[in-house]
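Hello,

Here is the structure I promised to pass on. Please have a look, then read my notes below.

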Amino acid sequence: MNFHQSPNTYTGQIHLTVSDFERSLSFYTETLGFKVLEHSERGAVLTADSKTPLITIEQPDHVLPKQPRTTGLFHFAILLPTRGDLGTMIRHIGETGYPLQGASDHLFSEAFYLSDPDGHGIELYADRPESEWVKENGEFPLVSDPLDIDSIVRAGLEKEWNGLPNQTVMGHIHLHVADLEEAKAFYCDGLGFDITIPFRQQALFVSTGGYHHHIGLNTWNGKGSPAPDENHIRMNWFSIILPTEEARNLVITRLEKINVPIIEENGGIWTEDPSRNKIRLELT
């Protein structure tokens with residue numbers, strides 16, 4: 001099943017500020033293999049399939065370094081179509097010499113972790129076949145086992161790296177939040193996500209359509225952490241893709257019922273979670 005298309009609700013694109021546009025553009029295109037969809041003097045929209053925006057990077061004037069211990073982005077996760085594609089990508093990154101920061105077998109997926117030059121967290125992963133996913137009482141376990149890296153690299157040896165495959169998507173987004181109960185009310189009661197991994201290790205994971213998670217939420221930067229200042233390196237916003245206009249209207253009604261503001265600006269419909277993570281509500 002494709003968990004990143006209608007009728008599911010899922011994450012779409014992310015907007016990041018960076019301190020050195022040319023350095024970041026080189027990283028995202030040459031190291032990770034994104035294509036440039038739109039380009040300005042100090043900004044770019046990046047894509048895998050030459051039509052779907054996944055990441056926007058922008059260098060503001062007088063931007064300051066990333067602040068520690070704030071809410072905002074923990075990592076965004078790029079989902080590769082196959083295990084072989086993941087292996088090809090990891091082999092390529094190894095050849096560039098860019099450092100990886102970790103790797104984990106989550107049982108439902110196999111994942112590698114790194115950060116971009118400004119410290120924005122990134123996960124590169126491939127899902128295991130859905131038939132292999134294991135649940136406990138209807139819930140996914142929160143597991144980070146050692147990863148068989150050699151096996152993954154071998155799976156991609158027959159493929160030549162040529163950038164990201166067209167089928168690459170934004171698999172999920174993982175956020176630092178100030179309070180998990182408040183986050184649960186917003187993402188579940190408001191946006192309509194279901195809990196898949198509940199309140200373990202100061203984290204909560206939610207999805208639609210039975211996926212292991214479209215959004216991760218944690219308080220690892222401390223309960224009550226403040227939002228980052230706007231003039232520092234940060235995630236500006238991310239998008240959530242809804243399947244129909246009716247579904248988006250239902251979400252707006254739910255959010256208004258729990259006193260969450262809805263803003264229409266720049267041709268889009270926007271909201272903000274209780275930890276001041278800004279979200280654009282888009283349609284498939």
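The radius of gyration here is taken over C-alpha atoms, and the rule for a globule is 2.2 Å times the number of residues to the power 0.38. Keep in mind that this is a predicted model.

First, the overall form. For 284 residues, that rule puts a compact globule near 19 Å; the chain comes to 18 Å, so the two agree. Along the principal axes, the C-alpha atoms fill a box of roughly 55 × 50 × 35 Å.

Of the 284 residues, 54% are buried. The chain exposes about 12900 Å². Carbon and sulfur atoms supply 47% of that area. Take the contacts between residues at least 6 apart in sequence: 68% of them join residues at least 24 apart.

Now the secondary structure. The chain has five helices and 16 strands. Eight strands form an open sheet with mixed pairing. Their order is E6-E7-E8-E5-E9-E12-E11-E10. Strand E6 (102-105) and strand E10 (194-200) are the edges, each pairing on one side only. Neighbouring strands of this sheet are turned by 20° against each other on average, direction ignored.

One pair in detail. How do strands E5 and E9 pair, parallel or antiparallel? Strand E5 (residues 72-79) and strand E9 (residues 169-176) run antiparallel, with seven bridges between them. Within this pair, Phe76 stands opposite Ile173 in E9. In general, strands of a sheet pair through backbone hydrogen bonds.

Best wishes

Key:
Residues numbered from 1 in each chain as written. Predicted model: local features only at pLDDT ≥ 70, side-chain atom pairs only at ≥ 80, totals over all residues. Heavy atoms only, no water. Pairing = 2+ DSSP bridges. Helix = DSSP H or I, 4+ residues; strand = E, 2+ residues; numbered from the N terminus. Axes fitted to C-alpha atoms, helices over the stretch in contact; angles between N-to-C directions. Buried < 20%, exposed > 50% of the residue type's maximum accessible area, 1.4 Å probe, protein only. Contact = heavy atoms within 4.5 Å. Areas by Shrake-Rupley, 256 points an atom, 1.4 Å probe, with all protein chains shown as cover.
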